[in-house]
Amino acid sequence: MAKINDNFLKLKAGYLFPEISKRVRNFSDSNPGKRIIRLGIGDVTLPLVPTVVKALKDASDEMGTSAGFKGYGPEQGYGFLIDEIIKHDFQSRGVQLSSDEVFVSDGSKCDTGNIQEIFSLSSKIAVTDPVYPVYVDTNVMAGRTGNSGSDGKYEKLIYLPCTSENNFQPDFPKERADLIYLCYPNNPTGTTVTKERLKEWVDYARKNNSIILYDAAYEGFITDSSLPHSIFEIEGAKEVAIEFRSFSKTAGFTGTRCAYIVVPKELKGESESGEKVSINSLWNRRHTTKFNGVSYPIQKAAAACYSDSGKKEISANINYYMENARIIREGISALGIQVYGGVNAPYIWLKTPGNATSWDFFDRLLNEVQVVGTPGSGFGPSGEGYFRLSAFGKREDVEEAVQKIKSLKL
Ligand code: MLT
């Protein structure tokens, strides 16, 4: 019989979001007709903006003509999209990139999950805790960890706790880490990092020869102009960081799929024999071997996000979600519950009332008022006792959810 990859057996239960869907489905089956409000997974609800839809349609029409038809495109992405990305997302912030440092893909989940492949299995990994589960699970699958203990932690993984006690700012790892995953604005806590603190991280990585895997999928939600949108705004970061960006949350592409990753040419790793190797070349080799590129109409749609009308329409959608965030934040906080995030990020992180466990609070909200959130412990052991609400819902759902939570005896 074929042997399986035993590392998969180390994974805890199901992936977080399917597990939540299962519980919601079970509730629905036994309570048919009850309306459920979903503020769990961070999935957008507003439709694609008109400028994006037009680009999508035009490009599809083009594909139906012999002059405009395209087969395989460049695996790394079309130049027309990469040029817009560099100009609007980086040059506008004083960051210079060349086109072969940007790789277009079909999502940050895949990118943040796949990146570990080009690093040694002996790499020491540090993650903030709580954390987006993909970073952890993909390293478990690859075999970089041991089993998970009764404390919910995988052996050999370095956890950097982020709780209200340290204002959700992780300390540097106590032991040296090869790869450090950081996500700002943070999923799940909705908290941010200042330029000063990010500079300390870059300096730390330079001193310790570590690489920072910087997930900036939520940078579009930053409202405080002093906060960094890219790690490359920090001097020296190109030698120690890879950045992940996505059109999913900012432009409503969760179902459309487009993202990109920036791998600077200055970034080097080391082979077993001690030779310095370009991480950009390795990623290029991996990407072009395993990926055939995002479809032409989708890349045209992504490029349209950078047009004047695209920017304006997208910014209105972001404002809508951030108004939802305000409604949730203020509504929950008025109940005397401690809330975090929701100012520069579309997630509100709250302390569960009465010291309830995260899953108990999840079950209570589901059973008593039919509001679905995400249990903090699903993001890691330091998330226990916290709960995440997403601001990506429809306005009327968000308002109703807050009213319903207010009706609970907490
Ligand atoms: C979340 O809810 O944390 C995100 O939607 C997950 C994702 O982007 O894959």
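**Entry 1: between the domains**

I began with salt bridges between domain 1 and domain 2, and the count is zero. This is a predicted model, so I kept in mind that a salt bridge here needs a side-chain nitrogen of Lys or Arg within 4 Å of a carboxyl oxygen of Asp or Glu.

Next I looked up polar contacts across the interface of domain 1 and domain 2, and the rule finds 16 residue pairs, with both residues at pLDDT 80 or more.

**Entry 2: the domains themselves**

I then checked how the chain is divided. Domain 1 is made of 6-47 + 309-407, and domain 2 is 53-306. Their contact takes 35 residues from domain 1 and 51 residues from domain 2. I also looked up the distance between the C-alpha centres of the two domains, which is 24 Å.

The size of an interface is often given as the accessible area lost when the parts come together. For domain 1 and domain 2 I noted a buried area of about 3,300 Å². Carbon and sulfur atoms give 61% of that area.

**Entry 3: the ligand**

Which residues are around the ligand? I listed Phe 17, Ile 41, Gly 42, Tyr 132, Asn 187, Tyr 218, Lys 249, Tyr 347 and Arg 388. By class, five residues of this shell are nonpolar, two are polar and two are charged. Domain 1 and domain 2 each supply at least three residues to the shell.

I went through some side chains one by one. Tyr 132 has a side-chain N or O atom 2.6 Å from an oxygen atom of the ligand. For Lys 249, a polar side-chain atom lies 2.8 Å from a ligand oxygen, and for Asn 187 the corresponding distance to a ligand oxygen is 2.9 Å.

Last, I looked up the cover: on its own the ligand has 270 Å² of accessible area, and the protein covers 85% of it.

Terms used. Residues are numbered from 1 along each chain as its sequence is written. This is a predicted model: local features need pLDDT of at least 70, side-chain atom pairs count only at pLDDT 80 or more; totals for chains, interfaces and linings use all residues. Side-chain values use heavy atoms; hydrogens and water are left out. A residue is near a molecule or strand if one of its heavy atoms lies within 4 Å of it. A polar contact is a pair of N or O atoms within 3.5 Å; within protein, one must be able to donate a hydrogen and the other to accept it, and residues adjacent in sequence count only if both atoms are side-chain atoms. Accessible areas come from the Shrake-Rupley method with a 1.4 Å probe; for residues, only the protein chains shown count as cover. Ala, Val, Leu, Ile, Met, Phe, Trp, Tyr, Cys and Pro count as nonpolar, Asp, Glu, Lys and Arg as charged, and the others, Gly among them, as polar. Domain bounds come from an automatic or database domain assignment. Contact means heavy atoms within 4.5 Å. Buried area is the accessible area (1.4 Å probe) that two parts lose on being put together, summed over both.
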